[in-house]
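Trainee: Could we go through this model together, one question at a time?
Mentor: Gladly; here it is.

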Amino acid sequence: MAQCHISLGQFSEAIKYYQNWLNKHSKISNYEKAEIYSHIAMCYCNMELPEEGMKYIDASLQLDPFNCGSIIQKGTLHYQLNEYQEAERLFQKVQDDCPMDERQEMLYAIINSYLFLKQYDKAINLCKTTIEKYPDHRRKGIALIAFSYFEMKEYKNGLPFLIEAISLYKEDLQNNTKNAELIKSMIMEIKDNTNLDINLGNI
């Protein structure tokens with residue numbers, strides 16, 4: 001139910017659901033409690049109430065101090081509080097310390113935080129770094145670079161990355177899968193908002 005509220009942008013309702021659930025399940029593990037606190041913090045982050053979110057993310061990290069996702073969430077809240085140096089310290093801590101088998105996933109989690117915070121230049125730079133480290137998973141980074149440029153309305157800079165993303169997502173586009181939704185939205189945006197003379201094939 002909470003995820004349903006979140007998908008609809010009903011973050012205050014999601015918080016109420018989580019809090020009621022916690023009240024009814026007092027014997028859950030610290031890990032489960034930490035996860036719920038992190039979800040509540042995320043809701044406050046989306047509501048742009050970082051002071052409230054910080055209370056819950058700190059509670060989460062007290063119970064599960066090495067949770068990389070929660071550390072990223074705390075960094076995002078510091079950004080919202082204009083505490084940029086501490087935010088960047090936490091993002092770097094995750095890049096340095098998280099387990100190798102989680103590192104790529106966490107890099108993209110940081111990228112998504114930058115996108116949420118509208119820090120598009122930082123998102124682009126970290127995408128490029130991530131692509132260099134994990135070339136076998138290039139297409140996600142390329143798509144997010146294109147998206148970042150498009151969000152800044154820098155269509156000419158984003159276009160080469162969009163064209164590469166189209167080729168990398170060709171099968172998804174042809175089969176109209178969920179993976180292609182971001183690419184399709186950028187194709188529509190560049191057609192609707194620019195006079196660039198481009199050939200996007202039969203997409």
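This is a predicted model: local features need pLDDT of at least 70, side-chain atom pairs count only at pLDDT 80 or more; totals for chains, interfaces and linings use all residues.

Trainee: How many helices and strands does the protein chain have?
Mentor: Helices (H or I, at least four residues) and strands (E, at least two) are DSSP runs, numbered from the N terminus. Read from the N terminus, the elements run α-α-α-α-α-α-α-α-α-α-α-α. The C-alpha trace spans about 60 × 35 × 30 Å along its principal axes. The count comes to 12 helices and 0 strands.

Trainee: What share of the residues in the protein chain is buried?
Mentor: Buried means under 20% relative accessible area, exposed over 50%, and partly exposed in between (1.4 Å probe, protein chains only). The chain has 203 residues, and the buried share is 44%.

Trainee: Which residues touch the most other members of the largest nonpolar core?
Mentor: A nonpolar core is a set of buried Ala, Val, Leu, Ile, Met, Phe, Trp, Tyr and Cys residues joined through side-chain atoms within 4.5 Å. In soluble globular proteins, nonpolar side chains tend to be buried together. Here the largest such core has 64 residues, and those touching the most other members are Tyr18, Ile40, Val94, Ile111, Leu162 and Ile183.

Trainee: What does Ile40 touch, beyond residues up to four places away in sequence?
Mentor: Contact means heavy atoms within 4.5 Å. With residues up to four places away set aside, Ile40 touches Ile15, Tyr18, Gln19, Leu22 and Tyr56.

Trainee: Which residues of helix 4 are buried?
Mentor: The cover over the buried residues of helix 4 includes helix 2 (11–24), helix 3 (30–46) and helix 5 (68–80). The buried residues themselves are Pro50, Gly53, Met54, Tyr56, Ile57, Ser60 and Leu61.

Trainee: How many residues of helix 5 are buried?
Mentor: What covers the buried residues of helix 5 includes helix 3, helix 4, helix 6 (84–97), helix 7 and helix 8 (120–133). Among those buried residues are Cys68, Ile71, Leu77 and Tyr79. Helix 5 is mostly covered, and of its 13 residues the buried ones number 11.

Trainee: Which residue caps the N-terminal end of helix 5?
Mentor: Look for a side-chain oxygen that lies 3.1 Å from the backbone nitrogen of Gly69. That oxygen belongs to Asn67.

Trainee: With which side chain does the side chain of Ser70 make a polar contact?
Mentor: Ser70 is found in helix 5 and is buried, with a relative accessible area of 3%. A polar contact is a pair of N or O atoms within 3.5 Å; within protein, one must be able to donate a hydrogen and the other to accept it, and residues adjacent in sequence count only if both atoms are side-chain atoms. At 3.5 Å, the partner of Ser70 is Ser38.

Trainee: How far is the nearest cysteine sulfur from that of Cys98?
Mentor: A disulfide is a pair of cysteine sulfur atoms within 2.5 Å, and a search of the whole structure finds 0 disulfides. Cys98 is in no disulfide, and the nearest cysteine sulfur, that of Cys68, is away by 4.5 Å.

Trainee: Is Glu48 buried or exposed?
Mentor: Glu48 sits in the loop between helix 3 and helix 4. Its phi is positive, near 60°, in a residue other than glycine. At 63% relative accessibility, Glu48 counts as exposed.

Methods: Residues are numbered from 1 along each chain as its sequence is written. Side-chain values use heavy atoms; hydrogens and water are left out.
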